[in-house]
Amino acid sequence: MALKRRRFFKGWYFKHRTGEAVFAAIPGYAIDERGNKEAFIQTISNGHARYFSFPHDRLWVREDALMIRIGDNRFSREGMSLALDGVRAEFRYGPITPLAGGDIMGPFRHVPFMECFHGVVSLRHAVDGYAQLEGEKILFDGGSGYIEMDWGRSFPRRWVWMECHDFEERADASLMLAVAEIPFLGARFTGIIGVVTLGGEQRRIATYRLARIAGERESPGRYQVEVKQGKLALTADVNYREGCELRAPMMGKMSRLITEAPCCELDVVLRESGRSVLMAHGRCCGFERVN
């Protein structure tokens, strides 16, 4: 595995859910502006977040097959195994659901100077296994999972991110939506990427498909956004709780502190040509709102 020399990071987000219990692990590596290298694993659950740092020589990655090893901890499309101080986990995954229609970044995937790139590995897959946090064991048998990834120099200055694949009215539905402030050629614009899955059909929402923010409102513990794109109109209303602190990259160094709420309430309405195709309540939505 050839690493970039400096000002670079890459991380993968492995989410596991059953009922209102959620556990996510974030393996990755970072290289700061001086060329100092670090491998890391972050974990987050309801009321829990930990950061584990490793020497870079404990990292092995085979990216074409998504195989990651950091010390005694392993991650892949088939599952993951953690043996960390106070955090242990064993998970097996069913077949993943890849994104249809090409890269979620669209044409921006080919712009080499983008600050941050995003990828979706699996929109939904079956999960069996457990996580043990400070001696408390949580069973995830019959659960579900989601995998995504990010890489580049830094996370955006401002962003909103949400992901949910547990809707009461539609067990076959899922949503991922990200809205971020993107620096581009000396200016800044609002970038949107997202996908709504209904059964086997995926509806892509993105700036490069002329998606735009039609409305945005925020109050303590609540965030609402409306996105319009051609015949599609998506409304997402998140009621979020106090989140957990995670580290985020800034010029290749994991020095920025952000907050993620791993299990929130989410109400989604998707209309197509004025007709409602999805109206559902999500019970365990991951949510970030960073200013």
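## Ile70 in strand 6

Ile70 is located in strand 6, which spans residues 67–70. The model described here is predicted. With a relative accessibility of 0%, Ile70 counts as buried. Burial here is assigned under 20% relative accessible area.

Setting aside residues up to four places away in sequence, Ile70 touches Pro27, Gly28, Ala39, Phe40, Ile41, Phe54, Arg58 and Leu59. Pro55 lies 15 residues from Ile70 along the chain, and the C-alpha atoms of these two residues are separated by 9.1 Å.

## Overall architecture

The protein chain contains 22 strands and zero helices. Its radius of gyration is 18 Å, close to the 19 Å that the globule rule gives for 291 residues, so the chain is as compact as a globular protein of that length. Along the principal axes, the C-alpha atoms fill a box of roughly 55 × 45 × 35 Å.

Of the 291 residues in the protein chain, 55% are buried. Contacts across the sequence were also examined: among those between residues at least 6 apart, 55% join residues at least 24 apart.

## Surface and charge

The accessible surface of the protein chain amounts to about 13200 Å², and carbon and sulfur atoms account for 47% of this area. The chain carries 41 positive and 37 negative side chains. The centres of these two sets of charges lie 6 Å apart.

## The disulfide and other cysteines

One disulfide is found in a search of the whole structure. This bond joins Cys263 to Cys284, with an S to S distance of 2.4 Å. Cys263 belongs to strand 21 (residues 253–272) and Cys284 to strand 22 (residues 275–290), so the pair ties together parts that are 21 residues apart in sequence. The torsion about the S-S bond is about -135°, and the disulfide is therefore left-handed. Both partners are shielded from solvent by the criterion used: Cys263 is buried, at 4% relative accessible area, and Cys284 is buried, at 1%.

A disulfide requires the two cysteine sulfur atoms to be within 2.5 Å. For Cys285, the closest cysteine sulfur is in Cys164, at 5.2 Å, again too far for a bond. Cys264 counts as buried at 0% relative accessibility, and Cys285 is likewise buried, with a relative accessible area of 0%.

## Lys15 in strand 1

Lys15 lies in strand 1, residues 8–18. Lys15 is buried, with a relative accessible area of 1%. Beyond its neighbours within four places in sequence, Lys15 is in contact with Val22, Phe23, Ala24, Ser144, Gly145, Tyr146, Glu163, His165, Cys284, Cys285 and Gly286. These partners include Cys284, which is the disulfide partner of Cys263.

Gly106 is 91 residues from Lys15 in sequence, and the two are 24 Å apart in space, C-alpha to C-alpha.

## Val195 in strand 15

Val195 is placed in strand 15, a strand that covers residues 187–198. With 1% relative accessible area, Val195 is buried. Leaving out residues up to four places away in sequence, Val195 touches Leu99, Leu123, Ser174, Leu175, Met176, Gln202 and Arg203.

The C-alpha atoms of Val195 and Glu272 are separated by 14 Å, and these residues are 77 apart along the chain.

## Loop leucines with positive phi

Leu185 has a phi near 55°, a positive value in a residue other than glycine. Leu185 sits in the loop between strand 14 (173–184) and strand 15 (187–198), and it counts as exposed at 67% relative accessibility.

Leu210 has a phi near 70°, also positive in a residue other than glycine. The loop that holds Leu210 runs between strand 16 (201–206) and strand 17 (212–219). Leu210 is exposed, with a relative accessible area of 69%.

Note on methods: Residues are numbered from 1 along each chain as its sequence is written. This is a predicted model: local features need pLDDT of at least 70, side-chain atom pairs count only at pLDDT 80 or more; totals for chains, interfaces and linings use all residues. Side-chain values use heavy atoms; hydrogens and water are left out. Helices (H or I, at least four residues) and strands (E, at least two) are DSSP runs, numbered from the N terminus. The radius of gyration is taken over C-alpha atoms; the globule rule is 2.2 Å times the number of residues to the power 0.38. Buried means under 20% relative accessible area, exposed over 50%, partly exposed in between (1.4 Å probe, protein chains only). Contact means heavy atoms within 4.5 Å. Accessible areas come from the Shrake-Rupley method with a 1.4 Å probe; for residues, only the protein chains shown count as cover. Lys and Arg count as positive and Asp and Glu as negative; His and the chain ends are not counted. The place of a charge is taken as NZ of Lys, CZ of Arg, CG of Asp or CD of Glu.
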